[in-house]
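These exercises ask you to read a protein model step by step. Try each task before you read its solution.

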Amino acid sequence: MVEIDKSISFDGRDIRLKIGLLAPQAGGAVLIQSGDTSVLVTATRAQGREGVDFLPLLVDYEERLYAGGKIPGGFLRREGRPPEKVTLTCRLIDRPLRPLFPSWLRDDIQVVATTLSMDEEVPPDVLAVTGASVAVLLARLPFYGPMAAVRVGLVGDDFIINPTYSEIKSGELDLVVAGSPDGVIMVEAGANQLPEQDIIEAIDFGYEAASDLIQAQREIMAELGIELVTGEEPPTDPTLENFIRDRAEAPIKLILSQFADKTVRDDTLDEIKATAVVAAIAELPEDDPVRVAAEADGKAIGNVFKDVTKKLMRRQIIEEGVRVDGRKLDEVRPVSCRVGVLPSRVHGSALFNRGLTQVLSAATLGTPGDAQDLGDDLHPQDEKRYLHHYNFPPFSVGETKPLRSPGRREIGHGALAERAIVPVLPPQVEFPYVIRVVSEVLSSNGSTSMGSVCASTLALMDAGVPITQPVSGAAMGLIKEGDEVRILTDIQGIEDFLGDMDFKVAGTDSGITALQMDMKISGLPLNIVADAIRQAKPARLHILGKMLATIDKPRKEMSPFAPRLLTLKIDPEFIGLVIGPGGKTIKGITEETGVKIDISDDGTVTIAGNDGERAARAYNIIQGMTRKLNAGDVYVGRVTRIIPIGAFVEILPGKEGMIHISQLADYRVGKVEDELAVADEVIVKVREIDNKGRINLTRLNIHPDEAAAAREAMNK
């Protein structure tokens with residue numbers, strides 16, 4: 001293939017697409033670059049497998065640490081289990097890509113994005129999303145593209161395209177918009193309580209930039225002589241569909257309009273399928289075309305029955321404005337909340353119910369040493385002090401399957417809930433705890449991620465975390481048939497499964513903190529996206545009202561089993577002194593007081609313990625060790641040991657000085673023991689600090705006022 005090097009500029013920030021340089025045996029390959037960040041994206045197609053009734057699309061994202069000039073840690077010194085950021089990027093690529101493949105496509109497709117080089121300013125994730133579209137087009141796969149993604153930041157009053165890491169950190173918005181020729185196809189955002197209109201304008205701004213990347217891809221394909229392949233759906237025999245429709249359409253329609261309860265509805269639909277369809281087909285002659293079609297594919301009956309159900313549900317919403325559970329289009333399911341549902345050994349807990357969806361969240365408070373270390377990856381964030389984990393066990397949907405480690409879905413939903421809550425967490429200087437929240441989905445019927453946001457907000461307030469504002473969330477859905485569009489508030493499982501959109505919106509009563517929109521169609525115009533955002537607001541506020549009726553502010557007292565933290569700032573030059581050789585000093589303080597001590601590189605010392613007096617003792621020891629002394633300072637000390645030439649006095653916790661025998665009195669002293677004994681209290685003045693840091697003390701020339709001030713300071 002001929003080499004092509006094309007550049008697109010956004011306010012001076014270039015994106016380069018290099019084609020024909022790397023990976024010649026892949027179906028399609030592109031090197032996409034911005035700054036010093038380079039991502040190789042490939043797309044490869046394999047022959048479809050027998051019996052597959054879905055699109056087997058596999059999206060992988062890889063980060064090589066050499067891309068940032070790093071050598072991996074660990075014994076093997078090579079990349080191991082992918083960090084969470086890698087999994088989230090896989091999802092970010094997959095979500096706008098998957099809906100643009102034809103529904104009938106069954107070939108194995110693999111898209112692999114590999115970060116080969118990365119600077120400390122340009123995130124690679126949005127580059128990988130756009131690169132995936134280019135690679136798919138080059139591979140000549142059936143695809144309703146091109147597709148492109150950009151990141152939008154808000155710095156001051158200005159939107160910027162593809163902000164740097166530092167601009168994202170200092171800004172009020174981190175939004176990724178993916179678009180196709182048909183409109184917006186994916187949105188992912190975290191925001192600092194921005195108004196709905198600001199979010200809508202940011203999406204519009206991002207889609208315009210994505211449109212430029214879409215046009216650039218068209219120009220590249222034209223230059224290469226590659227035509228966009230959409231393909232034609234293979235012809236299907238309507239015999240089986242007509243048979244099922246004739247026998248099941250009327251009872252399915254009745255069920256969808258009468259049974260609001262999910263379990264009853266699902267059981268009744270299964271009964272109709274078994275009696276009106278499966279049993280009827282079994283009674284047909286063996287050579288009947290309907291029976292032949294059903295037996296040729298073991299999944300055909302179930303797939304056609306599901307398709308008939310989907311069309312009837314959608315028609316009922318479009319034509320009658322009635323949902324399967326009888327709600328209005330903008331109506332929220334019944335909401336109930338409880339806090340403190342677990343014993344106080346769990347620092348905070350809450351149970352949130354919305355319809356049949358139920359989430360239990362538990363909050364745990366930890367010390368700075370419990371922060372998650374993110375050092376062994378390519379991104380500039382070193383650690384996380386807020387961790388949100390999401391679990392989705394099979395019993396939550398009445399199924400059985402082996403329990404495994406968290407998958408992409410669990411990681412993605414946990415990250416969304418985390419993003420929604422981070423903007424309302426107290427600053428670390430005011431609340432130095434590391435916080436972990438775990439959301440256990442106990443029952444699922446739609447929007448468990450937003451249920452996790454609500455339950456976790458309640459659990460944090462129950463734990464006494466002083467969040468600035470409570471956060472709630474709702475999931476919006478969409479049914480689109482031709483020009484007819486219906487937006488659904490608080491979608492349940494069947495509406496998510498058979499609908500066209502899952503749009504999660506979380507925020508406070510002041511504004512939005514997180515968004516996530518996924519499509520099953522090839523894109524939406526901005527006005528419909530804007531309507532969904534606006535319709536979500538009253539739903540969020542309704543749910544928030546139910547939450548605040550349960551607990552309206554964070555508890556003033558934390559669980560007695562939560563650690564108590566004291567913090568102090570020391571000069572970083574004293575860190576080695578506090579730690580001591582081989583950690584001997586800090587270990588001694590820990591053993592003496594029974595507390596946990598964490599020291600950061602900037603000199604922040606955090607002391608954690610359940611006993612306030614013990615924590616205060618450790619605080620005083622470290623403060624004393626690290627206080628800078630000056631000649632002439634007066635202290636009340638205690639004699640710790642006596643030697644022939646003088647006495648050692650602890651003037652501050654952990655800090656000793658020596659009184660030479662000549663400085664004990666204004667007359668000649670024969671023996672130190674004649675003046676002092678171990679444990680005696682003594683008033684001393686700092687005479688000098690020598691060049692080795694040794695503190696020399698004296699009892700001479702101390703004014704009564706100085707002595708009184710020293711005693712007063714000691715008693716504080």
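Arg419 is partly exposed, with a relative accessible area of 28%; buried means under 20%, exposed over 50%, and partly exposed in between (1.4 Å probe, protein chains only). The model is predicted, so local features need pLDDT of at least 70 and side-chain atom pairs count only at pLDDT 80 or more, while totals for chains, interfaces and linings use all residues. Residues are numbered from 1 along each chain as its sequence is written, and side-chain values use heavy atoms, with hydrogens and water left out.

**Exercise 1. Find the salt-bridge partner of Arg419 and say which elements the pair links.**

Step 1. A salt bridge is a side-chain nitrogen of Lys or Arg within 4 Å of a carboxyl oxygen of Asp or Glu. Side chains of opposite charge can pair when their charged atoms come close.

Step 2. Arg419 meets the side chain of Asp174 in such a bridge, at 3.8 Å from N to O.

Step 3. Asp174 is in strand S9 (residues 173-180) and Arg419 in helix H9 (residues 408-421), so the pair links distant parts of the chain, 245 residues apart. Helices (H or I, at least four residues) and strands (E, at least two) are DSSP runs, numbered from the N terminus.

Step 4. Asp174 has a relative accessible area of 15% and is therefore buried.

**Exercise 2. Which residues form salt bridges with Asp125, and is Asp125 buried or exposed?**

Step 1. One partner is Lys85, with 3.7 Å from N to O. This pair links distant parts of the chain: Lys85 is in helix H1 and Asp125 in helix H2 (residues 125-138), 40 residues apart.

Step 2. Arg151 also forms a salt bridge with Asp125, and here the closest N and O atoms are 2.9 Å apart. Because Arg151 lies in strand S7 (residues 148-155) and Asp125 in helix H2, the pair ties together parts that are 26 residues apart in sequence.

Step 3. Asp125 is buried because its relative accessible area is 4%. Arg151 is buried too, whereas Lys85, at 31%, counts as partly exposed.

Step 4. Now put the pairs together. Lys85, Asp125, Arg151, Asp174 and Arg419 belong to a network of salt bridges that also includes Arg95, Glu188 and Asp518. The structure holds 46 salt bridges.

**Exercise 3. Where does Pro644 lie, and which residues does Pro644 contact?**

Step 1. Pro644 sits in the loop between strand S25 (634-643) and strand S26 (646-652).

Step 2. With a relative accessible area of 74%, Pro644 is exposed.

Step 3. Contact means heavy atoms within 4.5 Å. Leaving aside neighbours within four places in sequence, Pro644 is in contact with Ile661 and Val672.

Step 4. From C-alpha to C-alpha, Pro644 and Arg91 are 74 Å apart in space, and they are 553 residues apart in sequence.

**Exercise 4. State how many helices and strands the protein chain has, and give its extent.**

Step 1. The protein chain has 16 helices and 29 strands.

Step 2. Its C-alpha trace spans about 125 × 60 × 45 Å along the principal axes.

Step 3. Of the 716 residues in the protein chain, 52% are buried.

Step 4. Take the contacts between residues at least 6 apart in sequence: 70% of them join residues at least 24 apart.
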